[in-house]
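Hello,

Here is the structure I promised to pass on. Please look through it first, then read the notes below.

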Amino acid sequence: MDKERVAAWIDGYERAWRTPGTESLAELFTADAVYRQGPYDEPLAGLPEIADMWEEERTGPDEVFEMTSEIVAVDGDTAVARVEVTYGEPDHEEFRDLWILRFAEDGRCRSFEEWWSTPD
């Protein structure tokens, strides 16, 4: 992986979050991907579990938010990105995250770990 490919993957993640359904997750994650919503959370394993969480966590594809990211590091198949998300109506939440991403050879994510924080 390189910074450009990681940035494209993050753009795809945001597009998928804004798109109805969860079919696009197969373009982002391997079938057996592991997804941790926090460093101490039990991992979600596989696309069906990730898709269930995806639909449960988001308000809907028309959810109002702004997302920015900065690639901090890329080393082989592993990347770290700083991601900031600010949600609009009705939630008005703000998150600063570090994402630790491990990619398969085809560019899909096989391991996603999120370390998030809020101003509160």
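**What was found**

The chain has three helices and six strands. Keep in mind that this is a predicted model. Followed along the sequence, the elements come in the order α-α-β-β-α-β-β-β-β.

On overall dimensions, the C-alpha trace spans about 40 × 30 × 25 Å along its principal axes. The radius of gyration is 14 Å, which agrees with the value near 14 Å for a compact globule of 120 residues. Buried residues account for 39% of the 120 residues. Of the contacts with a separation of 6 or more, 46% are between residues 24 or more positions apart.

Next, the strands. Strand 1 (residues 29-36) runs parallel to strand 6 (residues 109-117), and four bridges join them. Within this pairing, V34 stands opposite S111. Strand 1 also pairs with strand 2 (residues 44-45), here in the antiparallel sense and over two bridges. In that case Y35 stands opposite L44.

Is L25 buried or exposed? Its relative accessibility is 2%, so L25 counts as buried, the cut-off for buried being under 20%. Leaving aside residues up to four places away in sequence, L25 touches L47, I50, A51 and W54. L25 and C109 are 84 residues apart in sequence, while their C-alpha atoms are 10.0 Å apart in space.

Last, the surface and the charges. The accessible surface is about 7,000 Å², and 47% of that belongs to carbon and sulfur atoms. The chain carries 11 positive and 31 negative side chains, with the centres of the two sets 7 Å apart.

Regards

Notes: Residues numbered from 1 in each chain as written. Predicted model: local features only at pLDDT ≥ 70, side-chain atom pairs only at ≥ 80, totals over all residues. Heavy atoms only, no water. Buried < 20%, exposed > 50% of the residue type's maximum accessible area, 1.4 Å probe, protein only. Contact = heavy atoms within 4.5 Å. Pairing = 2+ DSSP bridges. Rg over C-alpha atoms; globule rule 2.2 N^0.38 Å. Areas by Shrake-Rupley, 256 points an atom, 1.4 Å probe, with all protein chains shown as cover. Lys, Arg positive; Asp, Glu negative; His and termini not counted. Charge placed at Lys NZ, Arg CZ, Asp CG, Glu CD.
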